[in-house]
Amino acid sequence: MKTNSDLQEKVLNALHWEPLLNKAEIGVIANDGIVTLTGFVDSYAKKLKAEATVKNIKGVKAVVEKVEVRFGVDGEATDSEIAREVINAFKWNWEIPNDVIKVKVENNWVTLEGELQWNYQRETAQKLVDNLLGVRGVNNKLTIRTELHDKIEKDLIVEAIERDWSINDDEISVTVLDKKVILTGLVHSLYQKHQVEKIVWSTPGVWFVENNLEVGFDD
């Protein structure tokens, strides 16, 4: 059985080997599979990278993220400057429909609102903002409203999950309610939990995903 100190060391080593991150910037506390990240980074992209790195580590059940973004002189930007950068980023990306997303910037936090047809468009919008200089955080309120009216095929979702070699699907249950998919059961890592949800979002006709999968792992 892995001790808290074992998991803490594993997380610190993983952060150390990420080129974008500096091990000294981030503190790690591990307690029964729950990892708390503390400290400071100089960009929102680094904050997200730290969280994503930890989620992919075996033995991590949940991540409590308390890392703060503190900019240096070169990273400072006004809300107006950030808003212009966000609008320009969307304008020049062919995956984002024109004039669909409403952008609000307050205290370096960006809020995105509107309706898109596909989840990959929502993810693209999020990533574009994540990497902009001066952004402290993103509140993604974008929703999916596809024009497809075909019934969601549960069997197609189940088969797609089964095809993914990284997922143990024996304890995953899929429920379809109109345009909503509900996931319940057990997976063995946060990575698997998010991978299953990603697969569901790729299914035509899905507007909502309720991911109730629990994370457990072998001692």
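Reader: What should I know about the model before we start?

Author: This is a predicted model, in which local features need pLDDT of at least 70 and side-chain atom pairs count only at pLDDT 80 or more, while totals for chains, interfaces and linings use all residues. Residues are numbered from 1 along each chain as its sequence is written, and side-chain values use heavy atoms, with hydrogens and water left out.

Reader: At what angle do helix 3 and helix 4 pack?

Author: Helix 3 (residues 79–91) and helix 4 (residues 119–130) pack at about 135°, and their axes are 10 Å apart. Axes are lines fitted to C-alpha atoms, for helices over the stretch in contact, and angles run from 0 to 180 degrees between N-to-C directions. Helices (H or I, at least four residues) and strands (E, at least two) are DSSP runs, numbered from the N terminus.

Reader: Which residues make the contact?

Author: Helix 3 contributes Val86, Ala89 and Phe90, and helix 4 contributes Ala125, Leu128 and Val129. Contact means heavy atoms within 4.5 Å.

Reader: Changing topic: how many salt bridges are there?

Author: The count comes to eight salt bridges, each being a side-chain nitrogen of Lys or Arg within 4 Å of a carboxyl oxygen of Asp or Glu.

Reader: Which residue does Lys49 pair with?

Author: Lys49 forms a salt bridge with Glu18, and their closest N and O atoms are 3.7 Å apart. Lys49 is in helix 2 (residues 44–55), while Glu18 is in the loop between helix 1 (4–16) and strand 1 (26–31), 31 residues apart.

Reader: How accessible is Lys49, and what about Glu18?

Author: Lys49 is partly exposed, with a relative accessible area of 33%, and Glu18 is partly exposed at 21%. Buried means under 20% relative accessible area, exposed over 50%, and partly exposed in between (1.4 Å probe, protein chains only).

Reader: And what does Glu115 pair with?

Author: Glu115 forms a salt bridge with Arg145, with the closest N and O atoms 3.9 Å apart. Glu115 lies in strand 7 (residues 115–116) and Arg145 in the loop between strand 9 (143–144) and helix 5 (154–163), so the pair ties together parts that are 30 residues apart in sequence. Glu115 is partly exposed at 47%, and Arg145 is partly exposed at 29%.
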